[in-house]
Every structure is written in C-alpha cells, then in structure tokens.
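Please look over the model shown here before reading the briefing that follows.

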Amino acid sequence: MTQTTTNTQPTPVAVKSPIAFLRSHMREYGILFALIAIMAFFQVATGGILLKPVNLTNLILQNSYIIIMAIGMLLVIVAGHIDLSVGSVMGFVGALAAVMIVNWGVPYFIAGLLCLVAGAIIGMAQGFWVAYFRIPSFIVTLAGMLVFKGLTLWLLAGQSVGPFPKQFQLIASGFIPDLLGGADLNLFSLLIGVLVATLILVLAIRNRTEAAKSGSIEEPFSFFAAKNGLIFIALVYMSYLMADFRGLPNVFIVMALLIAVYSFVTSRTTIGRRIYAIGGNEKAAMLSGINSQKLTFLTFANMGVLAALAGLVFAARLNTATPKAGAGFELDVIAAVFIGGASMSGGVGTVVGAVIGAFIMGVMNNGMSILGIGIDWQQCIKGLVLLAAVIFDVMNKKKG
Amino acid sequence: MSVILEMRAITKEFPGVKALDQVSLSVEEGEIHALVGENGAGKSTLMKVLSGVYPHGSYTGDIVYDGQIKAFRGISDSEADGIIIIHQELALVPLLSVAENIFLGNERASKGIIDWRETNRRAAELLARVGLKEHPETLVDTLGLGKQQLIEIAKALSKNVRLLILDEPTSSLNETDSQKLLDLLLEFKARGITSILISHKLNEISRVADTITVIRDGSAVSRLDCREGISEDRIIRDMVGRSLDDRYPARDPKIQAETAMEVRNWCVTHPLHNDRQVVKNVSFHVKKGEVLGIAGLMGAGRTELAMSLFGRSYGQNISGTALINGEEVNLSTVRRAINAGLAYATEDRKTYGLVLDETIRRNVPLADLEGVANGVIVDRTKEADVANLYRKRLNIKSSSIEQETVNLSGGNQQKVVLSKWLFADPDVLILDEPTRGIDVGAKFEIYTVIRDLAASGKAIIVISSELPELLGITDRLYVMNEGRFVGEMPTAEASQEKIMATIIRSGDRT
C-alpha cells in the first residue's frame, strides 16, 4: 500500500496497489477488456477486415440507432424500470416520418421535429402510468410495444413507404465535409478526432487533480495513465481509419454528442444523481425530498425522444419505412445496457458502459457475419454472451 | 450438567479481515447462554459457522456437538442435529398462512401431496406451545412483529430443536412482547432445550441468561457466570474494552425561550383503512435547544405521527396545523418539509434511510444536493469535502468516503443517515429509534451528537422504545398511547415506572 496526496485537510484515501484496485473495479474494466478482446479476436479471425476503414464506418452506422436507444434505456434501467416498447416506438416514428414526408410532402426538417415531439409524447404517456399510478413498467411498455406495432401497421397500411428525399437520407448516410480539403484523407475529420481525444484526456487529468485535492483518489497512476492513454490512441486511430474512408459520418457526431451530454448528466448533475438514488432505494430517496415521480416520468419522456431519433436514423438509413422496422430491437438495446454492467434492480450502470455493451453486440454481429456464421448461431452466441456478462457481474459483486 | 456444544479455537477469515480469531465457546445442556458484544464483534459470524452457513472447511477449529466433532456443510446438516437459528430479520413468507410457514420446507406430506388436516393440527399444537391463539390459516402479514417472532420459534419447535439460537430476537419488539418471548425461553429451559441468545439488551440478559460469553473484535474475551451475580457495568466493560462511566453524555441543557416547532390538533388516518385514526388530535411543541422525547409502546402511533408530519409520508386525511419558528408551514411534500426546516431520520435505515449501493460520499448530500452543486452541476470537490467533514465529525468508521454504505456496520450506517440530515441543516430534527440495533460505543457517540446539536440551538425530537435511553438523553417527554398524547413530564421527574403507569392508566380510560 502506498500513501498519497499532499493535502492535509481531509483524510487521504490510500491509493490501492494496482492488483487490489483491479480486483475491486473488475466490473468497470471487465467490459472494456471484453470489448478489446472481442475486437482483437475478430480482427485476427477475419484476417484484418474488421478494422478496415469501410467496415469500421459501417459498423458505426449499423449500430448507431441501438447506441442512441441504449443511452435512454440506461437511464430507464438505472431508475429501476424497463422499456420494452422502444423497438415498436422506433418503427412507428419511422413510419410517421415516411407518411409525413413522402405521402404528405411535409418538409423533412419540420417532419423530423414533429417526430421527436411525437416520441416525447409517447414516452410521457407511458411514463405517466409508471410514475404516477405505479403500474409496473414491464406491463405498461409491453402494452406500448403491442400498441405501436399495431399503429405502425395501420399507418403504413401494411406497405413499405419511401424513398425519402436526399437531404433526409444524409442523417444516416452523410459524412461531414472536409473543410481542410484533404486529398485521400478527410483531414477535417481526423482533426476533430484528435481534438476530441485530446479534450477527453485533458478532462480526465483535470478530474484527477480535482480528486487529489479532496483526497479521494483510488485509482493507481499506472492504471490512470494506461486507461487514458489507450482511449486516446484508440480514438485517434479510429478517426484516422474513418478519415481514410469518407470521414466521420454525421450519425457519429450525433452519437458522440449524445454520449458526452448524457455521461455528464448522469455523473455530474443533481438530476443524474437523483435518478441513481431513486433506482438504488426509492423510499430513501423520497424521504430525502427527491421527487421520484417526476424523475421517473422525465426518464420515460427522454427515452421516447431518443427512440424517435433512432427511428429517424433507421428510416433514413434504409431509405424506406417498413412495417417490420424496429421489431426486436428493444431486446438488443436492453442486452447492451446489461452487458454494460447495469443492474436489473436499478441504481447501477453507466452511459459509457451501455455504449461499450452496444459495441460488443455490434462487433460480434459484424464479425460473425463476415465470418459467414449463420443468423441461427449468431443468436445463440449473443445470448450466451449476455448471460456470461451478467453472471460475471453477479459473481464479482458477491466476491466484493 | 453436561456440555452440549463446544466450539474450539474457531478462526474465520474474510479477504483482508479476520472476523473470528481463536474463539472458543462452551454451552451446557439446558442453559440459556448469552452471547454479547458490539456490532461487528463477530457474534453473528460465529453463529453462522455453527449453523453451517459458512460450511466446514471455510474456517479452522472444531465444533463439538453432543460429544462428536461435526462438519456441517449447510443449514440442513445442522438442523438435522437440532440446531436451529432464528435470524434478526425474520424469514417468514408474508402471504402464506401461519401453518404453511411453520412447515415450509418440511411439509407434512406423503409422496409430495400435502396433508392439510395434519399440517393445521400440528401447527395449532405448536402455536399453543408458544402461547399463540391464532388460527393456523391466518396469513402471516396480518400479524404483528411480536407474533411473527413467536411463529419463527414455533417453526423451530417443529424441527425438534435441541439448541435454539436467537439473533437479537427482541430488537424490534415492544416491552410486553419481549417479556413474553423471554418467558418462553425460560419455559423451554425447564423442558431441557438449550438456547443461545444474542442480544444488546443487558437487562434481558441478566434476567434470563445463565452464562455469558463476551466477544470483542473477533475474540472471546470473557465467560461470565450469571448465577454468581454479574453487574451490567462489568459486561459493558468487557464489551467495549473500557469502562463506560456513564452510558449517556453529560447534560447541560441550553433550552431557549423561543418555540422551534408547534403542532396543533394533528390527526392522521390509516392509509388503507378509512375508519382507523392512527394519530388522534395530537398537539405538542418543542423549544430551541431542547431534546424532546416521545415515549410509547410499539404501535402507539409515534412513527406514524412523525412520518405524517414529514411531507405526508404516511397516512391520509391529515389535518392540523404545524408552525416552525412561529410561522405556519406547509409540510405537504418532503421537499417542502425540508425547506421549512424539518428533518426526519427513519427507524429503518436500510429501507428508508440509505441508498445502500452507493458510497458515503453520495449518501451524505442526498437531502440537499443543491448544497454541493453549482446550479445543476454537482461540485465533486465540495461533495467530497462535505462527506469527509461529516465522516470525521461523526467518527464514521470506514476505509474512506468511497466505501459503499452497505458494507458499514449498523452504527456507522446510522451516522451516515445523521450526516445526511445534519448537512440539510434543519431547525427541527426528528430521530426515530436512533440507536436501534447499535452497539454501546456507537450509541454513546450518537447521544453526544444529539446533545451537541441541541446545544447549538436545534430542536431534537427523539422517538424511542427504550425508556432508559429517553430518560438518559431527553429534557422533556411526551407519552403516547393508541394515537393520543396521554402525558407530558420533564425528564427530571420521569421514571420508567411513571411512564408505564401513564400508558396503562390511559388504556384503562378508553
């Protein structure tokens, strides 16, 4: 054990030895290691195809809507609930967009906005029953799932509607322009990647110095350096790869912004803290003056908006709205959140964890498809990975 | 008498902690053996070793039961030998009947088909043995805690118990039910059943126990024979390793003339039964700098009164007025109550007080997150400073503020709950059973905090079922019975007898 910190005021926390630290934080690092291991495995198994620029870009486009919804689902699950309706809501909003834009000729920008509002209303309608009437969320959203599946069919009259105008498609298939005019490489994209990576590094260092001031550092320096070094290199390398193809996709920017904003909201704001508190112990939170009903309601409203956004991205990507869109997606989203370390009983989980969970699912889908593994075995393997991840979590918690 | 159980040099280690270090325990057949020690001393761990919760091989040392070395691999092994443990948290299924609970896992059945006649008949017999007149088909959740405890004992009897282990059986029982339970133990003793009693209540122990083993920091420090007459002070000295001259901090009341809070004609109806009034026309006041006690039996309506005041967290059809610092206040939500200067630390800290999976740092500011935030953004430095401050001030024993509260001992959890409310800085603080299930050392620390707070001009209301505690720390007392305030007295003039008499007399009147 080593002693740290120079500040004398608060009782300093002894920085743990790297091994002891790793043992007590296995849950957080476990999934990151798992993602790296899975990526390494498929990179080798596919003969280097996995990290080819074009495939990496594809990987992100394919999983963007899952990741967007996983962020919202993380909040719902942390608050101690579940939302089974997101797949249907996503399909419904896609259909709504198609009907408005293609059939009625509503300008795509206004239609998009109206779709997000519709998502919010759907989320509120479900959250209302969960929050204020204490109807179990499983039931309310199971009902929602059936209702919106039905409404999608009705709205599209059982047909596919499309195609969308060019500009609308750009949401999902566009790339940010290269303002720097690079020839083979999208320099602007690379620059953004490097800037973001640097920003994350600077923030991490600032957090650590802040924590040092209050004497609450637990993470050994070697870990801190290794983790953040790795993240920096990974981000720069990824943006280099994407810059080598067509640059950063528009969706990627949207996603990155959402991850950043929601990470901040969950970890640093009073509202985030309170959501964790109601998920951890609702009665104690209520007796501490926290309005759990309002927060639960807002959490579902937020989920509705993000499901609507995912619906728009998905419709734009397929360039058509089909009655089957979104079917079963709720399961992928929920799986991602649980693989990412959230707890079924609420109060535990992180946005970054959920995103990593979504990437684990995404890389496995993608890698197994490249390897030519059939959809049958893909499903089996994904199921077992979900089970393994949660067993790992539970065992770890028992040990600690 | 012969020795029924001998535990020899038991050592049990958890990663990084030696929970038991060469503990020896010897229990004679047919005696009541008390196991005492502060929370975290290792009493429950020792009993878990004995009952096979920690299986053979996970500890070192020998368990000799009935002259044989035993290697229990699980509870079913120890139960087969007649060793039955009743845990502090009752393990009854609330929506099953009394009879079903008694024979749970041990059903009266042949070939998997339950014989209900036999089940109910046997259950009725067992209930009679523990002095209950309930019908065997009554659902458990309609019964009070005292009766539920007795049902646990009936369940133990159904398994042909020879050695009964009770972990803090009276911690949530009122005086009458506790007496009943202790009488039952004495009756069992007369029939040759051996008991091991874990308890914090020294008066109970000196009443029923034959021998006492004191455990401190994972070692057995002394074995006392009660038949020779042991003073409570001697037990306490062995428990804490030092002599507590006084179990309560010195009192130096600085009661101010101004009234901090006044409540007039407060009425509350049961949340489910419209016709049952739980709090009936209660009026009271508390002055700044005063520690006010509310005495009463379990079920008198004290917690209901406190929770209904605190943001209407209990009951319906609440009426009456409340004034804080002379102004009428709106206490209709918890947030409003907190803003009005009221705080309520609950009797059940695990269910209502703490977010157990979160750290000390995150629990302390929970009632006033704005206090550590700039706008909506939490200032983590400030948050850590606040947590560190209270950790130091209340002497919360923990590795750091990053420790999850689930891993703290009861006394330290209670200190975290107190920290939370101290940080919210209320004018009036209601403490409901502030020392329930807490060891002697931590109790003294909490009493000191209460006195300090009063000295700083806060008004404190203490609800407690332990009369000595109320007599030890309060300045003035109200006595509550069946939803009414039936008496008021300065603590200096109060005694346990006087309070009980007030309760009993008020019961006669109705």
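Glu79(B) is partly exposed, with a relative accessible area of 24%, where buried means under 20% relative accessible area, exposed over 50% and partly exposed in between (1.4 Å probe, protein chains only). This is a predicted model, in which local features need pLDDT of at least 70 and side-chain atom pairs count only at pLDDT 80 or more, while totals for chains, interfaces and linings use all residues. Residues are numbered from 1 along each chain as its sequence is written, chains are lettered from A and ligands numbered from 1 in the order in which they are written, and side-chain values use heavy atoms, with hydrogens and water left out.

**Salt bridges**

- Over all chains the structure holds 30 salt bridges, a salt bridge being a side-chain nitrogen of Lys or Arg within 4 Å of a carboxyl oxygen of Asp or Glu.
- Glu79(B) forms a salt bridge with Lys159(B), with 3.4 Å between the closest N and O atoms. Lys159(B) lies in the loop between helix H5 (145–158) and strand S9 (163–167) of chain B, and Glu79(B) in helix H2 of chain B, so the pair ties together parts that are 80 residues apart in sequence; helices (H or I, at least four residues) and strands (E, at least two) are DSSP runs, numbered from the N terminus.
- Lys70(B) and Asp81(B) meet through their side chains in a salt bridge (3.1 Å, N to O). Because Lys70(B) lies in strand S5 (residues 68–70) of chain B and Asp81(B) in the loop between helix H2 (75–80) and strand S6 (83–86) of chain B, this pair ties together parts that are 11 residues apart in sequence.
- Lys70(B) is buried at a relative accessible area of 14%, whereas Asp81(B) is partly exposed at 25%.

- Arg273(A), Arg361(B), Glu383(B) and Glu402(B) are linked in a network of salt bridges.
- Arg361(B) lies in helix H12 (residues 360–363) of chain B and Glu383(B) in helix H13 (residues 380–393) of chain B, so the pair ties together parts that are 22 residues apart in sequence.
- Arg361(B) is buried, with a relative accessible area of 10%, and Glu383(B) is buried at 0%.

**Sheet in chain B**

- An open sheet of 6 strands runs in the order S18-S21-S22-S15-S23-S24 (chain B) with mixed pairing, two strands being paired if DSSP finds at least two bridges between them.
- Its edge strands are S18 (342–345) and S24 (484–490) of chain B, each of which pairs on one side only.
- S18(B) pairs in the parallel sense with strand S21 (residues 428–432) of chain B over 4 bridges, and Ala345(B) stands opposite Leu431(B) in S21(B).
- Helix H14 (residues 410–424) of chain B packs on the sheet and touches S18 and S21 of chain B, its direction making about 175° with that of S18(B). Contact means heavy atoms within 4.5 Å, and axes are lines fitted to C-alpha atoms, for helices over the stretch in contact, with angles running from 0 to 180 degrees between N-to-C directions.

**Arg268(A)**

- Arg268(A), in helix H10 (residues 250–268) of chain A, is buried, with a relative accessible area of 13%.
- Not counting residues up to four places away in sequence, Arg268(A) touches Asn207(A), Val376(B), Ile377(B), Val378(B) and Arg380(B).
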